[in-house]
Amino acid sequence: MCTTPLCDYFAMGGFNPRFKLNSTALWRGYVGSWEIVDDRLYLIGLNGTLEDGSKASLATIFPEFPERVFAHWYSGMIRIPQGKRLEYVHMGYGSIFERDLLLDVERGVVVTTQVRQNGVADSEGAPEDYEVRTMTVFPRTGKGEGEST
Amino acid sequence: MIYLYWYLGVGLAALAVVYGAHRLKKGKKSESLRDLFESVNPDRKKLSYCILNNVVAPTLAAILVVAVWPVAVYRQFKEMLQKTDGTEIEEEREFAVERHHLQEHLTVQEIERREAVIDPLKAVPELPFGHLNAAWQEFLNDNADGGELWSFSARRQTTWGCKELRSGYVVVRDGAPGTHFLTVWKDILDDIDDGAKQAH
């Protein structure tokens with residue numbers, strides 16, 4: 001998905017263990033895994049490296065909730081691109097795909113779901129996923145970035 | 001002919017000044033910045049790009065400065081004047097709660113009652129503000145020396161043109177809002193309804 005709810009957690013005062021910037025392709029230093037269960041947004045995994053070189057997991061940030069964390073702090077739109085790629089943009093999540101699944105989230109709860117149609121790919125062989133080289137994402141002290149579902 | 005020599009001579013002097021000013025302003029390029037630029041534009045690594053960027057473009061610019069140096073001098077002066085009168089590109093303003101954002105005067109108990117977080121899968125501590133409870137406690141400790149607590153809601157446009165909504169609680173002292181604690185920070189998107197259809 002092309003949204004980073006955990007970034008908001010840090011920006012709103014949550015514990016930030018300071019991730020190491022390993023690559024310009026992943027400025028925030030971690031990848032989060034997310035799940036929607038009964039219209040509620042959960043963080044269910046985290047992979048990253050801390051500044052001291054140690055591996056980071058969900059337990060690094062939420063020691064009492066190492067398996068699942070309800071993202072009640074997050075409000076905003078989650079964009080999940082779907083289908084084949086229509087246009088490649090070598091910056092962050094700028095690439096355009098056939099559809100965008102848009103989840104409007106209020107304090108961790110999905111309130112509306114929409115699908116935005118962006119067009120149909122000309123080529124059958126057009127890629128259907130983000131590639132590693134497209135993942136240049138710039139962190140903000142506030143919001144931004146992207147994580148996986 | 002002597003006027004042409006004078007013109008070109010002044011042009012060379014102007015080139016020296018412009019080049020010196022450019023070197024002073026540019027400083028040393030950082031490694032991470034170079035990596036970033038190369039990541040954004042992979043063509044920067046190509047020999048053709050290097051020749052174009054490091055040889056052809058500077059040579060053309062130098063010829064241009066010598067040929068039309070009054071324009072270069074004018075631009076340099078204009079740039080210097082812009083720096084002194086503060087009309088440079090505005091940096092992002094730090095968010096601060098203002099009086100018109102204030103909504104309701106509340107006690108700590110009232111706030112903590114309304115900010116209880118409940119989750120059927122028990123993936124959140126049963127404390128006010130849930131996973132952000134430690135941050136809330138820190139906020140209260142930092143502001144334990146008095147002041148009123150108010151809820152606030154602020155819609156604003158950032159320097160980059162993005163609209164956002166920030167809500168939460170703020171300490172008000174002598175009528176002036178001070179430090180705040182955020183509960184909502186979301187971008188407001190105008191165009192998502194265009195071409196979108198309800199999926200459920």
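Predicted model: local features only at pLDDT ≥ 70, side-chain atom pairs only at ≥ 80, totals over all residues.
Helices (H or I, at least four residues) and strands (E, at least two) are taken here as DSSP runs, numbered from the N terminus. On that basis chain B holds 6 helices and 5 strands, and from the N terminus on its elements read α-α-α-α-β-α-α-β-β-β-β. Residues are numbered from 1 along each chain as its sequence is written, while chains are lettered from A and ligands numbered from 1 in the order in which they are written.

Confidence comes up next, with chain A as the case in hand. The mean pLDDT (the predictor's confidence in each residue, from 0 to 100) of chain A is 84, and 86% of its residues get to 70 or more. Within chain A, strand E5 (residues 76–87) has the lowest confidence, at a mean of 90, and strand E4 (residues 69–70) the highest, at 97. Then there is the stretch over residues 132–140 of chain A, where the pLDDT is below 50; beyond near neighbours in sequence, this stretch still has 24 contacts in the model, a contact being two residues whose C-beta atoms, placed from the backbone, lie within 7 Å. Residues 142–146 of chain A also stay under 50 in pLDDT, and the model gives them 21 contacts beyond four places in sequence.

Back in chain B, 15% of the 200 residues count as buried. The burial scale works on C-beta atoms placed from the backbone: a residue is buried if 20 or more others lie within 10 Å of its own, exposed if 12 or fewer, and partly exposed in between. As for contacts in chain B with a separation of 6 or more, 53% of them are between residues 24 or more positions apart.

The sheet of chain B is an open one, with 4 strands in the order E1-E2-E3-E4 and antiparallel pairing. Strand E1 (102–106) and strand E4 (176–188) of chain B sit at the edges with a single partner strand each, so one side of each has no neighbour in the sheet. From one strand to the next the twist averages 20°, where axes are lines fitted to C-alpha atoms (for helices over the stretch in contact) and angles run from 0 to 180 degrees between N-to-C directions. Two strands pair if DSSP finds at least two bridges between them. E1(B) pairs with strand E2 (residues 148–157) of chain B over 4 bridges, in the antiparallel sense, and E2(B) is joined to strand E3 (residues 163–173) of chain B by 10 bridges, again antiparallel.

Helix H3 (residues 47–67) of chain B checks out on length: at 1.5 Å a residue its 21 residues should span 30 Å, and the end C-alpha atoms are 29 Å apart, which agrees. The expected span is 1.5 Å times one less than the number of residues. H3(B) does bend, by about 30° at Asn53(B); the bend is the angle between axes fitted to the seven residues ending there and the seven starting there. The number of buried residues in H3(B) is 1 out of 21, so the helix lies largely in the open. In helix H4 (residues 69–84) of chain B sits Arg75(B), which counts as exposed with 12 C-beta neighbours inside 10 Å. Arg75(B) and Val18(B) are 57 residues apart in sequence and 10.0 Å apart in space, C-alpha to C-alpha.

Most residues other than glycine have a negative phi. Arg18(A) belongs to the loop between helix H1 (5–11) and strand E1 (30–37) of chain A, and is exposed, with 10 other C-beta atoms within 10 Å. Lys122(B) likewise has a positive phi, near 55°; its place is the loop between helix H5 (108–114) and helix H6 (133–142) of chain B, and with 11 C-beta neighbours inside 10 Å Lys122(B) counts as exposed.Asn22(A) lies in the loop between H1 and E1 of chain A, where its contacts beyond four places in sequence are with Gly29(A) and Thr49(A).
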